[in-house]
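Hi everyone, thanks for coming. Let me put the structure up, and then I'll talk you through a few spots in it.

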Amino acid sequence: MSDYQEDRNKALELDEELRDLPREVRNVLHPVRMTSKEHFHFRCHPGIDCFNACCRNIEIILTPYDLIRIRRRLNLDVESFLYQYATPFTLTKGQLPVPLIRMDPETGQCPFNTPEGCRIYTDRPVACRYYPIGMALMHKQQATNEEEFYFLIKEDFCHGHRESKDWSIQEWRADQGSDGYDEQNRGWMEVILKRRSAGDTVATSTQLSEFFYMASTNPDAFRRFVFDSSFLKRFQVDPDTERKIREDDQALTEFAFAWLKSILFGDQEVKVKPDAMNELKKRKAAKPVAGEASEGE
Ligand code: SF4
Ligand code: SF4
């Protein structure tokens, strides 16, 4: 394959991966895959003439770890935070619901933006930490791991690209603290990727959407689901995990996605108890096959 053809194929693959992004964003992507060792020039600082220009009219997905950090910062319970600051959005491919920051409907401004900059800066979402770098994770069918690559976002209003400060992507990620976020959000990203790679032919049930949104946004509700239902009678949860998920929202969120991966993709991270499995098999065997006449008819 020629270099041109290879670059072209990569650009097409990238385009497919970024289908969920709004067109305005896709149009400014520098359509080249970058590795973490590649370099770019950029500097953002309060003295720059475009200061705050990037914090309006954008779609910022809030990951589960973003929500935990920002809620803690604002000292808000889940319902109050979602009501005040978020709006649900369904990803085009995979049909899973995610929360977006709700921009001011009149000004288009992010609600956390102030003339002095971001008022939650040290807890800002991972999408804001990456900017102007985008990260794409691609799950290839039959592959065990996700492939990770980056691309540059160049928007006319952002003058940070005119600055001479040189970064490798690795250095930028470390400087912005995004590495830790990706690790904490790993289970959530894996569920999204696997659903996307299943394609549009697999319908997302309302129940799955609800479980996914609850696991992504509402640790209190997921905790009630685990401890106030027959969940612990049906799934194997060791005492140490049980203790952690009772108290720690991040541990609970990680557990929630491990469970979702197990029921959706058979990952076996959270196993069904043998008794519950036998019960399930018995019920399936007792169920009449659709269209089959029952005795006495
Ligand atoms: S969260 Fe902060 S950095 Fe991100 S868009 Fe809003 S104001 Fe800007
Ligand atoms: S340089 Fe770019 S990222 Fe920084 S404030 Fe300006 S528009 Fe926003």
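**Two helices side by side**

Let's start with α8 and α13, which are roughly parallel to each other, because angles under 35 degrees get that label, over 145 is roughly antiparallel, 65 to 115 roughly perpendicular, and the rest oblique. Before going on: this is a predicted model, where local features need pLDDT of at least 70 and side-chain atom pairs count only at pLDDT 80 or more, while totals for chains, interfaces and linings use all residues. Residues are numbered from 1 along each chain as its sequence is written, and chains are lettered from A and ligands numbered from 1 in the order in which they are written.

Back to our pair. Helix α8 covers residues 186-197 and α13 covers 249-265, and they pack at about 25° with axes 8 Å apart. Those axes are lines fitted to C-alpha atoms over the stretch in contact, with angles from 0 to 180 degrees between N-to-C directions. Helices here are DSSP runs (H or I, at least four residues), strands are E runs of at least two, and both are numbered from the N terminus.

Which residues of α8 meet α13? Gly187, Trp188, Glu190, Val191 and Lys194 do, and on the α13 side you'll find Glu254, Phe257, Ala258, Leu260, Lys261 and Phe265. In contact means C-beta atoms, placed from the backbone, within 7 Å.

Most residues other than glycine have a negative phi, and most peptide bonds are trans. But Tyr131 and Pro132 are joined by a cis peptide bond, omega about 10°, and Pro132 sits in the loop between α5 (126-130) and β7 (133-139).

Asn75 has a positive phi, near 55°, in the loop between α3 (64-74) and α4 (78-85). Is Asn75 buried or exposed? Exposed, because it has 8 C-beta neighbours inside 10 Å; the cut-offs are 12 or fewer for exposed, 20 or more for buried, and partly exposed in between, with C-beta atoms placed from the backbone.

Gln268 also has a positive phi, about 65°, in the loop between α13 and α14 (274-286). Gln268 is exposed too, with 10 other C-beta atoms within 10 Å.

To zoom out, the protein has 14 helices and 9 strands, and buried residues make up 21% of its 297 residues.

Definitions and conventions
Two residues are in contact if their C-beta atoms, placed from the backbone, lie within 7 Å.
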